[in-house]
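Trainee: I have a structure to read. Please show me how to go about it.

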Amino acid sequence: MMALLPGLARPVVLVAGILAAVANAHAACPSELAVYGDSQSGAEIDFTPTGTSATVTNRFRLVLDNNVVLNGIVMWTQDVSRPNGALMYKCPEGDVTGEELAACTLWNGVVYTSDDKGNIGLLPAEGVEAPKTLILPDLGPALRQSRAYGGSGFSKVPSDVFAMKGCQE
């Protein structure tokens, strides 16, 4: 019986190597490629790399029903360090005034995260593992009051909590 063990060792090592390769293929997703979903409305948040921006630490879009897309950015505040997010809808292109930007901003606030244990944190900048859950306080109520809601806009209001669905390639 002991003579059979050396022959069995090779398949066990091979299987272990395959499992390690599969585990590496499902390695942590960087925050700039994370995709989140809201189970209440089916809305989705897709992060994209910021490129060379000196002030924007995260860039994302919120896709709602009826093909309504809100563009989002996150910039860390300087006074009390917080990731301040903003969602905008149909903003003018090019140089815009503060008044024009305020008119097209539907939500802004701190973007919080949560892990599997329920620990609350702040949205990290790019280049780190994406958090499991995003919390955008008062997103739902703000969007329900926005000009993008109803009529030819979106009809399903998302909650304030989005769970990680996957990672873009």
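Predicted model: local features only at pLDDT ≥ 70, side-chain atom pairs only at ≥ 80, totals over all residues.

Trainee: What average pLDDT does the protein chain have?

Mentor: pLDDT is the predictor's confidence in each residue, from 0 to 100. The protein chain averages 86, and 84% of the residues score at least 70. Over residues 8-26 the pLDDT stays under 50.

Trainee: How do I read the largest pocket, and which residues lie nearest its centre?

Mentor: Rolling a probe the size of a water molecule over the atoms shows where empty space is left. A pocket is an open set of points on a 1 Å grid over the protein atoms alone, where a 1.4 Å probe fits, with protein on both sides within 12 Å along at least five of seven lines; lining residues have an atom within 4 Å of a point. Here the largest pocket holds about 400 Å³ of space, the volume filled by probe spheres set on the points, which are joined across faces, edges and corners. Its lining has 22 residues, and I73, A86, M88, L101 and T105 lie nearest the centre.

Trainee: Which strand gives the most to that lining?

Mentor: Strands are DSSP runs of E, at least two residues, numbered from the N terminus. β4 gives the most, with five residues.

Trainee: How many aromatic pairs are there?

Mentor: Rings of Phe, Tyr and Trp (its six-membered ring) pair if their centres lie within 6.5 Å; planes under 30 degrees apart count as stacked, over 60 as edge-to-face and the rest as tilted. The count is three. Y36 and F47 have ring centres 6.0 Å apart and planes at 75 degrees, so they are edge-to-face. F47 and F60 sit 5.3 Å apart by ring centres, with planes at 40 degrees, so that pair is tilted. F47 is in strand β2 and F60 in strand β3, 13 residues apart. Ring pairs join Y36, F47 and F60 into a cluster.

Trainee: Is T113 buried or exposed?

Mentor: Buried means under 20% relative accessible area, exposed over 50%, partly exposed in between (1.4 Å probe, protein chains only). T113 has 8%, so T113 is buried. T113 lies in strand β7 (residues 112-114). Not counting residues up to four places away in sequence, T113 touches several others, among them I120, L122 and I135.

Conventions
Residues numbered from 1 in each chain as written. Heavy atoms only, no water. Helix = DSSP H or I, 4+ residues; strand = E, 2+ residues; numbered from the N terminus. Contact = heavy atoms within 4.5 Å.
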